[in-house]
Every structure is written in C-alpha cells, then in structure tokens.
Amino acid sequence: VKARMVASSDVLKIVDLLQARGYEVIAPFLGRGRDTYFDTVSPDNRAQIKIHLPNPYYPPKRYVIPHIEPLLQIKRDNGNIRIEAAGEEKKRALFGIRSCDVAGIDHLDRFFLGREFGDVYYQNHRKNLFLVNMVCTDVEQDIGQECFCLCTDTGPAARDHFDLQLMDLGDEFMAVAGSAAGEELFAAPIFKKATLAGVDKRRKILDAVRHQFKTTTSWFSAAVRYVSQGKVSEKTWEEIGLRCFECGGCSYVCPACTCFTISDRKAGPNQVDRVRIWDSCGLGGFTRMAGGFNPRRAVHDRRNRRFFRKLAHYFIQRELSMACVGCGRCAAVCHGDVGMPSVVEMIRRAAAGAEQQ
Amino acid sequence: MAHRLTTCTFCGVGCGLYVETAGNHILGVYPSVSHPTNQGKICVRGWHVHEVASSPDRITRPLLRTGRSFQEVSWEEAFGYIADRLREIRDRHGANSLAFLNSPRCSNEEAYLLQKFARCVIGTNNVHHGTGVYCNNSINALIDMVGIPASTNSLQELADSEVILVDGVDLGRRMPTLAGVVLRAKLKGARLIVLGTRRHRLAESADLFLQMKPGTEALVYGAMQKVIVDRGLADLHFIKARCSNYDAFVSEISHYDLLQAAEGSGVAPELIESAAILYAKAARAAVLYSTSMEDRSREAVQAAVNLVLLSGQLGKKGSGLFPLCEQNNLQGVCDMGMLPDRLPGYIPVADAARRGTFEEIWRTKLPEDPGHGARSILWQRGNGILKALWLARYDPVQTAFLPEITDYLRQFELLVVQHVFMTPTAELAHVVLPTTAFGEEQVSFTSTDRRIQLAEQVVEPPGGLLPAWAQIVRVAQLMGAAWNYATAADVMDEIGTVVPLYSGANYENLGRDYGRQWPCTSDRPLGTQFLFAENGTSRKFHFAAVPKPALADHTSKEFPFMLVFGSSLYYWSQNVLVRHSETLKREYRWLFLDYPDGFVELNTADAAAIGVRDGQPIRLMAERNFATCAARVTDEVMKGTIFVPYFMSDVERQMLGGTGNGACLLPVRIEKEAA
C-alpha cells in the first residue's frame, strides 16, 4: 500500500494541490443545525471546509448523474434543424467523500459503463472525477443514526475505487493512494513517509469505530436470501407498500440508484432541450406504460421493486456489486420508515417466522 | 454553486428545504434534516418545486389587451393603465364596484399589501382569498369557540400524541409529509382513528376506520360526545375552569343516540363507541381536519371543536386541534386580512373601536361594511354590481368549482391578473402582470402550524420582473398613496405593528433558526409552539350547541346511490405548478390519460354488482336529470356513493343545473351506457 502521513494543519493543502492541477474541488460544509452539503471550494469558503460532520444528505452522485441534466439541444434555424450535444467536461475533485458514497459511485460505474453500451454523459463526468475519500472516524459527527455500512461491507474505510484516502489519526492524517493520479500527489512536500506507529494507530481506530455504529441489526445476507428465493410473502410487501407515500425521495438520495426519465422541454420559439431527470421506481407514472397498462399498479408492487433491485441475487450477480451501500439516507428520507434497515428487519422477521412454522 | 435554506411553497406543511444553485440556475432541491417539521423528508412536490422557476412557459413582460390579443408593454405603461382604470371605475361606480382576490399561495407581504390597497387606496372590503370559494366555515367557528383560527399545536408534536384522529382529509395524497408524521407516530405506538367517506391511504393504517355516509360528520361526533358524557369521561375539571356554554351543549347532546347515529352514518356503533373512549381517555390526543377544500358544514366544524373541549385536549403538547390549511399560505393570507369581514389579525371590520386603531396607523378612513366574498365575486359578479377585479396569482377558471365562471369574468370592465403563467384566467384579462416564481424573491409564508418562515431569493427573476408585492406598491403610488417599502422586510415590519400576533417577527429573526410560530411578540420573541399553555382563567373556550342533524340519507330503492360532489381530492391535479413540472405533471395527471374525458368514482363491489368495468361509460339517473361519463372503479369510495370530482363540470351542470353547490347530495341510480 502506498501510504503517507500528513500533518493535520496541512490536510486542506490537498485542496490547493488539486485546484492547482485544474480541478474544481467540491468539499463538505456545515449548513444550519445538523444540515451539511457538498459545495465548490472558493477562496471565500475554504476555511469553512469541515473534515468531521454528518455525511451530506444530498448525495455526491449528482456530480456523475446531475439531478437535471441537459442532453442535447434541437434548434431550428432558417428551416434547418440542428442537433447539438449539451454537457460540460469539467475536471472535478470530491474532497471528503465517504466510503459509502465511493462504493455508490463504483456501483454506478458498473451500471452505466460496465456493459456493452457505455453512457457517454456519465462517462464524461466520471473520467474527470478525482475522489478523495475521508474515512469515518468521529463517532459523534461522521456516523449517523442510520448508518449501516458495516452490514453492506462498504465502510467505514473504503478498500478501493478512490484516488486518495484520508484518515484522521488524531494529531495527523494517514493518506493512502488508490490510483496513479492519487499517488502522483505524493510528490508534494506535505506528504511525509508513513510510520509504523501510524499504520498501527489506523488499525486500532478502525477496530474501535466498527463497534460504535448505532444501527447494526441489518441482517443483510439473510434478506438477500429471502428475497432471492421468493420467500417474502405478498402480505409483507403489502405491509411495506402501505407505508410508502410515493415521494421518490429514497431513489433521489440513494448513492446507487440509477433511475432517470428523459423529457423534451421547449426552451424558446426555435429550440427544444432534451433533459435527463432523476426518477424513481416508486412513482406510479414511472411504471405506467404508454398504452395505459401499469404492470405495477398497486403501491406495494412498485415499492417491492426497489428491494428486488437492491437485494435479489440476480442483480447483485449482474453488476458484481450490490445497489445498497449502507449510507442510511433512505432511512432518514422515508415518511413511513420503510428505508433499507427497516425493510430488511421486516423481511427477516416475517420470513424467519414463516420458516419456523 | 451555493446552497440556501428556504421554505417549500407547495402546501401548508411548510417544509424546510435547500436549493442548490449555480450562477442563475437552480440545480436541484433537497430537504433539511434539521427542520423541526419535515426532519429530512419532503414529498414528490417538494422534490420538484423548483421546476416551476425554470419552466420555459413563463411570461416575463406585462401584457395589455388590444382587442382579442395582447400587446407587450413597459412596466410603467401597465401600472399607469391599471391605476387610471381603477381610479376611473371607482369614481364612476364607487369603491364597492372593485374587488380583489388572491391565491392562498401569495406571500404574507403580497396579501397584506393587496388588502391594504383595497381598503385604504380604493376604500372597499371586497377582498378574499380563492379558497373562500369552497369553504369558509372554520374561521368564524374557531374564533367563537377557541378564539384563534389556527392549529393550536405544532405538526412535529404529533410524534408525542397518544391518539390521532384524522377527519376527512386524504393526507397521504394531499399533505404527504404530514401523513408521514402521523404514520410514524402510529408506528411508535400512537392509535390512529380515521373518519371519512373515503378509504384513503392513511385509512388503511388506521386502528379504527369510521367510514361514514357523506354529510354525517356532525352526527357521528355528537354520538361520540354522548358516549363520553354518559360514561363520565368528560374532562370536567378543564370544562369548569376554562369553558362556557357547557350546559347548552350537553342538553343538545342528550338528544343524540348511538344506535340511531350508527344507522344514519353507516358506521358500526361499536366503532363510534371505541373511537370516543379511545380519544377521551388519551393523555394527549389530536384532531386533524382540512379547512381548505373540503365541503364541510359549520356544524361539522363545531362538533369537532366540541369533542376537543369535552376531553380537555387543549393547551398541552401533543394534543390539540389542527384545522389544516392545505395551500402553502392559506393561514398567512387569512392572518393578513384577505377576508371580506375581517381586518389583519382577524379584527371584525364592523368593530368601530378596533377599526379606529387601523385608521390611525394607516392614516385613512376605512370602509365599515363587510365586502363580498370570493364566491359572490366570481359567481354572478356580486349580484352584477362589480366592475373591476384584481386577481393575484389566482386562476379561478381552473381551480374554482363554479359553472360559467368564464362568462362572468368576461363581464368585468377591468380584469387585472398577476401570474407566473398565461393561465386560462389570464387569457381573459385586460392586463396581465407576470410575477416572480419560487426562488426569485425573498418573502414570508405562514404554515398551517403558524410558522412564519422566509422563502429566500436564490436566483434573479427573468427580464427584470418585479416581485408581485412591489407591483401592488407601484400601482398604489400611482394612485396617490405615500407607500414607501424598499424591501419585503419593510412590509413585514409594518405587519408587526398592525397584527399583534406577528409583532415580534422580523426578517432578521425569521432568517435565523426555522422561522417563528405566532404568537410571536415582544414577551414571546421565540414564538409559541403550542397555544393555551398558560393555565389562567382568562382564556374562555366556548362550547357550541349543535342540534342533532336530521338523517341525511335520501336514497331509495329506485335511486340507491348518493352522488357526492367533491372539490377536494383531485385538487392538485389541476394546479398550475403541477402542470409545469415534468415529474408532477406525470404523477398527478396520468389519470387523465387513462380517463381522457374525466371520470366519476364507483366502489368495486357496487361496480361488480351492476356489471360495470373500470373505464366503462355509465349513465347517472336522478329524478329529473341525467349525465353520462366514464366510471373509475376503486375501493376508495364507499359503497353506495359515487364521487364526482369538481372538474367534471358537465356532470355537475347536468345533475344540479349549474348552481355550483358542491355540498349538495343527490340520490341517483346507475344505468349501463352502450360503449
């Protein structure tokens, strides 16, 4: 492993290094109360960057699939129709992305780029993205009430898919390079030789943090088995569906959800813009077909789709990665408390009960 | 990029959300985790509320009618034209020939200035908000009985309620974030009682679902109260200390009979009894109903308040009464005096002494007689005497349940419309003033739990658009008013001087934390989470004596179904914001793809019994009239009833003859129509 030590007072200089290399750097900031968000670093806000804070709710996946993204413009010009690709190519660095969200981006890579046809819009964002992963070590600040990355095996420290990983050891940080681009940064003088004491401390802190998660009852593998073997009864799905008010929030905040819709919007007398907008499998209009038939007409038939997609063996095998990364956002966003941890629990209780009979 | 906390402007829940912008573009929105009301949750409308601002269909230049078409004019020309015409019509026909209606989505500042303009500059009390068309039975009943027409407690307190009674309103569809608060309270152990005709989403989760025949709410409430009184469950200590008129109330209650009420309402007597006992015995119990779009009798409102008083469920956390305002600022526009009979802060216009206070502050004489309400203004033009109408962000053609409204609107000599879009109402106007949309102005809104909150400006409006409140100021100035407000914050400062409930609120403190819940005064600078906490005897609540209603069921063997006209359920599907968001248009309007000519709703069992399939045309036969339309077969409607959504104006006209009387129930039979 290529590791270095960085003094705490130097850690924000990594932001400067990236900016000097032409990256727009995105980092986490504190909003009101416990609200936090990722925003572009500028000279005005650089001092407000927070290392330890609740993981921003609005997921960083929007830097690879924006909430609303222009795809192309269709313009009429003296009777001629012109089609122009929209989109920007920008070098971006996400400073402070958590391990769950790193796993999310890896999952999106597999979905959008991993098969025969790659998504060019996604590819344009992704190929210019530099990920600086921050390991969650502050039990009070970093690890939320709903976090369960232990159960999805995605945290608190990501094993791969980052360019650079930082971990707070108290008085200094340990930096680990995950790519050639990350390693290239180590030429800067702020990176010092890794110490054995540092490596030892890193392991001890991780061991301790693993025991301080607040939600650890997510019986993931059992739920995967029950869902994959069709052992979840209709009654359980109905119970789950009854608690869904169809806001779409779980899909929007999910780092691994990929649903989108495409719409053509009039942008002027001679122009139509084609845009891609985040969408959700929970919404009735999403599953309704053009002829009016809706194969998932009842709410619970739509709601269970989310959990098939995330927990069924078929999909996990297809992408060799699970579409749930344990960030816990869906548990916080859900009006009826049918986020992933609760649903896994409901499935386990119902199916285990049925098995015992 | 920037992130700014603001307030969702869709419904009365008033969720806190962040807007992310880059330059002058809104990139997206997401909920605030820390906001006390929504705590990280928003509904599908909140997730897409910003799409309105970026809609390409916006109008951005003032339009003046020239014959059948419109011509773009400068702002000053438009304001000058409006001022001249208003002055001319007032001089020719008198101040009471002008009327002013606004949408319950207007900001507090817009509402305050519009009614001040009408009252001070024009000299009329012809002011009202659009929701007044459907229902206005709550304000007076609440003022008489509890003194304050608003939710007594905060929405987030429902998490601490032991019993929650939801009356009528389909929260899951209409205020989903509030439905979530209720459902999570239930998951934590609260008991949920649902009353109403429809088996809606929340009814499915209820511990007790009292599905009743339409129009029998007062009967069921009365029977519940009889049970409470008879079993000695009334909170006599509370009643003795804080209520009046109890004896008159009890003497009416003694006429109610559980079995009779059960028969009349169609609810099993055990259910009525269990609901009464559950509610009365709870340490903390809340009652929720909608004041906005439900057709609800004054007695039904009084009966609900009586239940709260009888069980002493006021003045403590997690209990109380929630007369819900569904549009985002219905509470605020009422607080601001957009009412024909009440000044800001609910002061009756007829109260000479208190009117005098306003005359001193506003330095002008005020009209004494109550004005026309929205229904009278829009339908038959105030008996034909109204000549000019100003509609602020209001689109009655698409949202008011009134027949021939287009014809009536055409008869005005002057129709001024302020709106974000070229609505069907704006098409009829003489002058159209385009207005700012979500995220383009800093103004305040008041949620259904009295939370005064700021909506922030995050982008510049297109083409130098003036905020709607500033447009009103400009016209007032041209008519000679010495109005001097530089910002919306200045307007709020003046609101604080005339509305005591708002006296402690200003933009500086509203911008901190998450707004302030009124009463927000100098001795309560942080606002008030729930009302009536002080245990003094100064506050007297008043029981209403509600005589037992006559049985409402007029169905017969020949006409076995009751036709119910509803202005409520599909309200949002006609909403202008919904129409201009890609996702919301799809989610709220797909029914119109499945039923392109509209529909009436029929219970699944009834449909099976007469052999009607979903989507099949049926003929509704009443004694004198008939109408034909498609049937939407659903378990939501009660057996024996047929629900007619308000936008089915043809059915309404054919069956009721175009009276616009949505409260009317009509017995019918169904005949199959050849497809």
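User: Before we start, what does buried mean here, as against exposed?
Analyst: Buried means under 20% relative accessible area, and exposed means over 50%. The model itself is predicted.

User: OK. Take Asn102(B): buried or exposed?
Analyst: Asn102(B) is buried, because its relative accessibility is 1% and the cut-off for buried is under 20%.

User: Where does Asn102(B) sit?
Analyst: Asn102(B) is in strand S6 of chain B, which covers residues 98-102.

User: And what is Asn102(B) in contact with, neighbours within four places in sequence aside?
Analyst: The list includes Ala111(B), Leu114(B), His128(B), His129(B) and Gly130(B). Val333(B), Met338(B), Ala392(B) and Tyr394(B) are also in contact with Asn102(B).

User: Which part of chain A is Pro43(A) in?
Analyst: Pro43(A) lies in a loop of chain A, between strand S3 (36-40) and strand S4 (68-77).

User: How far apart are Pro43(A) and Asp10(A)?
Analyst: In sequence, 33 residues separate Pro43(A) and Asp10(A). In space, their C-alpha atoms are 16 Å apart.

User: Now the two chains together. How many residues are in contact?
Analyst: On the chain B side, 51 residues are in contact with 49 residues of chain A.

User: What area is buried between them?
Analyst: About 3,900 Å² is buried between chain B and chain A, and carbon and sulfur atoms give 53% of that area.

User: How many salt bridges and polar contacts?
Analyst: There are four salt bridges between chain B and chain A. One salt bridge joins the side chains of Asp279(A) and Arg586(B), at 2.6 Å from N to O.

User: Which elements of chain B give two or more residues to the side that touches chain A?
Analyst: Strands S1 (2-7), S2 (16-22) and S3 (25-31) of chain B do. The helices of chain B that do so are H1 (44-47), H6 (176-187), H22 (582-589) and H23 (591-594).

User: Which gives the most?
Analyst: H6(B) gives the most, with seven residues.

User: What is that side made of, by class?
Analyst: The side of chain B that touches chain A has 23 nonpolar residues, 16 polar and 12 charged.

User: Last topic: what confidence does the predictor give?
Analyst: Chain B has an average pLDDT of 91, and 95% of the residues score at least 70. For the complex, the predictor gives an ipTM of 0.94 and a pTM of 0.94.

Technical notes
Residues are numbered from 1 along each chain as its sequence is written. Chains are lettered from A and ligands numbered from 1 in the order in which they are written. This is a predicted model: local features need pLDDT of at least 70, side-chain atom pairs count only at pLDDT 80 or more; totals for chains, interfaces and linings use all residues. Side-chain values use heavy atoms; hydrogens and water are left out. Contact means heavy atoms within 4.5 Å. Buried area is the accessible area (1.4 Å probe) that two parts lose on being put together, summed over both. Helices (H or I, at least four residues) and strands (E, at least two) are DSSP runs, numbered from the N terminus. Ala, Val, Leu, Ile, Met, Phe, Trp, Tyr, Cys and Pro count as nonpolar, Asp, Glu, Lys and Arg as charged, and the others, Gly among them, as polar. Buried means under 20% relative accessible area, exposed over 50%, partly exposed in between (1.4 Å probe, protein chains only). pLDDT is the predictor's confidence in each residue, from 0 to 100.
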